[in-house]
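Walk me through this structure, from the overall chain down to single side chains. Keep it brisk.

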Amino acid sequence: MAESWSFLDTFESNFRPLVVVELAKGTKKETIEWFTKRIVDKKANGGAQLLVKPLVTEKGEENIYLVGASHLRLLLGAETVGLVKECNDNSMRTFTYSSRKTFRDFADDNHNFLTMAECQYIIKHELENLRAKDEKMIPGYPQAKLYPGKSIVRRLLTSGILVQIFPLHDREELKKLRHSWYGRVKVGYQPLDEIRCYFGETIALYFGFLEYFTFALVPMAVIGIPYYVFAWEDYDKYVMFATFNLLWSTVILEVWKRICAIVTYRWGTLLMKRQFEEPRPGFHGVLGINPVTGREEPVYSSIKRQIRIYLVSLPFVCLCLYFSLYVMMIYFDLEQWALDYHEENESNFSSLMLFVPSIIYAVVIEIMNRIYRYAAEFLTSWGKKVVYSSSLNTNNKYFYLQFNFLNCFASLFYIAFVLFDMKLLRQSLATLLITSQILNQFAESLLPYWLQKRHKKRMKKRMSSLKTDTDLTLVEQINLEKEMGTYFVPLFLHKVL
C-alpha cells in the first residue's frame with residue numbers, strides 16, 4: 001500500500017466537490033494556506049492527498065472550501081478504510097487496488113463503483129486523520145497549541161477557526177431518491193439499497209428497522225385492542241397477553257438480527273475489517289507504537305484513564321441514577337395528589353387530571369434521556385479516552401443504557417411489584433408510551449421539517465435579492481446546507497433536507 005502512494009498520481013484539475021469545509025470569517029491567510037496545504041499534500045508528507053478549491057462568493061470572500069478527490073485517490077482510500085465489495089465470484093472481500101479487476105462492476109472509467117456515501121466517508125476519514133507532526137501551534141494562532149499526534153481538524157474546531165465540515169448533496173440524485181422513496185403514493189417497501197448508496201449504511205439500517213418494527217407491531221396491536229377496550233377483572237387474560245408480548249418481542253428481535261446480518265453482509269459492513277481502524281479524531285495522546293498493528297498512533301496512559309473513570313465518571317453516574325429515583329418519587333406524589341383531588345370532586349376535569357402526572361413525567365423522562373445521552377458521550381470521550389470510534393460507540397451505549405433503563409422503567413417496576421396496582425400500571429404505561437411517541441414524532445419529524453421549510457424560504461428570498469452575474473446555483477446550495485441541522489450517526493453527519 002505504501003508503494004501505491006509514491007508512484008501513482010492522484011491529482012485532477014477538475015473534480016467533483018463532495019465535502020464542504022467552512023472556516024471562520026477573518027481566518028488568517030497563513031492559517032488557510034497551511035491547512036489547505038496539509039489537505040493536498042502527499043501522504044508521505046503527512047497530508048491527505050485530496051483536492052481542494054475555494055468557493056468565491058459575490059463579495060470575494062474565501063472562507064468556504066470544496067474538497068474532493070480523484071477517482072484513483074478514492075480507490076486507494078477505499079483500501080485504506082477497508083471497504084468490503086462484492087467480487088465476480090459473488091463473494092465479499094476487502095477491496096484492494098491491486099486486485100481491483102476481480103470486483104464486480106469495476107472499470108477504470110466507472111466512477112459509480114464507489115457509492116456517494118462511500119466517497120464522502122473516505123474524504124471525511126482522511127480529513128479527520130490529519131495529525132500534527134512537528135507543528136507546535138496552528139500558524140497564525142499561537143494560543144492553539146499542537147503536539148505530535150494531535151488531530152488538526154479537532155484543534156481547529158475547538159479553537160473556533162474551523163466552523164464545520166459537512167457532505168455536499170447531489171441535487172439530481174436526491175430528486176431521484178425522493179421520487180422512489182416517498183414522492184409517490186404507494187404501498188411498498190422502502191428502497192433501502194438506494195438510501196444506503198446515498199446516505200450510507202447507518203441511515204439505511206435505521207429506516208429499515210423502522211419499517212420492520214412497524215410491521216412487527218401489527219399483531220401485538222390487533223390482539224391488544226380488546227384488552228385496552230374491555231376492562232376485564234380476570235387477570236389470567238392479562239397474563240396470557242403479557243406472555244404473548246414477551247414471546248413475540250423475542251421472536252421479532254431474533255428475526256431482525258437475521259435480517260440485519262443478511263443486509264449488512266450484502267452491503268459489506270458485516271465483514272469490514274476493524275484491525276486497521278484509525279484512532280478517532282477526538283483521542284488525545286502523544287504518538288506511540290501500537291503493539292498489535294505496529295503502526296504509529298496516539299497512545300494514552302491507562303493509569304490516568306482509570307483515575308478519571310473511578311473519581312469522576314462513576315460518581316457522576318451514581319448521582320444521575322439517584323436523581324432519576326428522586327424524580328420518580330416526585331411523580332408518585334403527584335399521582336397521589338391527582339387521585340385525592342379526583343375522589344373529592346368526581347368531575348370530568350378531575351378525571352382528566354389523573355393523566356396529568358404521567359404526562360408531566362413522560363416529558364421529564366424525554367428531557368432527562370437527552371441530557372443523559374450527551375452526558376454519556378462526554379463521559380466516554382473525556383473519561384475513557386478510548387482510541388477507536390467503535391469502542392467509543394460501545395461505551396456510549398453502556399452508559400446510556402444505565403441511564404435510560406432506570407429513567408424509563410423504574411416507575412413501572414415499582415407500580416407492578418411494590419404497589420401491585422394494575423389499574424395504575426395500565427394507565428401509567430399507556431400515558432407514558434403515547435406521550436413519548438408524540439414527543440418523539442414532533443422532535444424527529446415535524447420540528448425539523450418546519451424549521452427547514454422556514455429556513456429555506458428565508459434563504460431563497462436572500463438569494464433572489466442579490467444582483468450579480470455569478471452563477472449562484474452552487475453558492476445557494478452551500479449556503480442552504482451549511483445552516484441545516486444534522487443527523488448524528490456514527491458514519492457521518494448528514495445534513496437534513
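Of the 497 residues of the chain, 43% count as buried. Buried means under 20% relative accessible area, exposed means over 50%, and partly exposed lies in between, with a 1.4 Å probe and protein chains only. The model is predicted: local features need pLDDT of at least 70, side-chain atom pairs count only at pLDDT 80 or more, and totals for chains, interfaces and linings use all residues. Residues are numbered from 1 along each chain as its sequence is written, and side-chain values use heavy atoms, with hydrogens and water left out.

The chain holds 16 helices and twelve strands. Both are DSSP runs numbered from the N terminus: helices are H or I with at least four residues, strands are E with at least two. Accessible areas come from the Shrake-Rupley method with a 1.4 Å probe; for residues, only the protein chains shown count as cover. Among contacts with a separation of 6 or more, 63% join residues 24 or more positions apart. A contact here means heavy atoms within 4.5 Å.

Next, a hairpin. Strand 6 (residues 137–138) and strand 7 (residues 141–145) run antiparallel and are joined by two bridges. Strands pair if DSSP finds at least two bridges between them. Ile-138 stands opposite Tyr-141 in strand 7. Two residues lie between the strands, and Gly-140 takes a positive phi near 90 degrees in this hairpin.

Another glycine follows helix 7 (residues 192–199). Gly-200 comes after this helix, with a positive phi near 105 degrees. The buried residues of helix 7 are Leu-192, Ile-195, Arg-196, Tyr-198 and Phe-199.

Arg-196 lies in helix 7 and Glu-118 in helix 4 (residues 116–128), so the bridge ties together parts that are 78 residues apart in sequence. A salt bridge is a side-chain nitrogen of Lys or Arg within 4 Å of a carboxyl oxygen of Asp or Glu. Arg-196 counts as buried because its relative accessibility is 10%. Glu-118 is buried too, at 4%.

In total, the structure holds 17 salt bridges. Side chains of opposite charge can pair when their charged atoms come close. Asp-108 and Lys-101 meet in one of these bridges, at 3.2 Å from N to O. Lys-101 is exposed, with a relative accessible area of 53%. Glu-173 and Lys-176 form another, with the closest N and O atoms 4.0 Å apart. Both residues lie in helix 6 (residues 171–181), three residues apart, about one turn of the helix. Glu-173 is partly exposed at 37% relative accessibility. Lys-176 is exposed at 55%.

Now the rings. A search of the whole structure finds 18 aromatic pairs. Phe-209 and Phe-213 count as stacked because their ring centres are 5.5 Å apart and their planes meet at 10 degrees. Rings of Phe, Tyr and Trp (its six-membered ring) pair if their centres lie within 6.5 Å; planes under 30 degrees apart count as stacked, over 60 as edge-to-face and the rest as tilted. Both phenylalanines lie in helix 8 (residues 201–216), four residues apart, about one turn of the helix. Phe-209 is partly exposed, with a relative accessible area of 32%. Phe-213 is also partly exposed, at 33%.

Trp-337 and Tyr-341 form a stacked pair as well, 5.8 Å centre to centre with 20 degrees between the planes. They lie in helix 11, four residues apart, about one turn of the helix. Trp-337 is partly exposed at 47% relative accessible area, and Tyr-341 is partly exposed at 27%. Elsewhere, ring pairs link Phe-95, Phe-103, Phe-106 and Phe-113 into a cluster.

Helix 11 (residues 302–345) also supplies the largest share of a nonpolar patch, seven residues. The patch is formed on the surface by Phe-316, Leu-319, Tyr-322, Phe-323, Tyr-326, Ile-330, Leu-334 and Ile-360, with about 790 Å² of accessible area together. Patches are made of residues with over 30% relative accessible area and no salt bridge; like charges are joined within 9 Å, nonpolar side chains (Val, Leu, Ile, Met, Phe, Trp, Tyr) within 5 Å. Leu-319 has its place in helix 11. Leu-319 counts as exposed because its relative accessibility is 53%.
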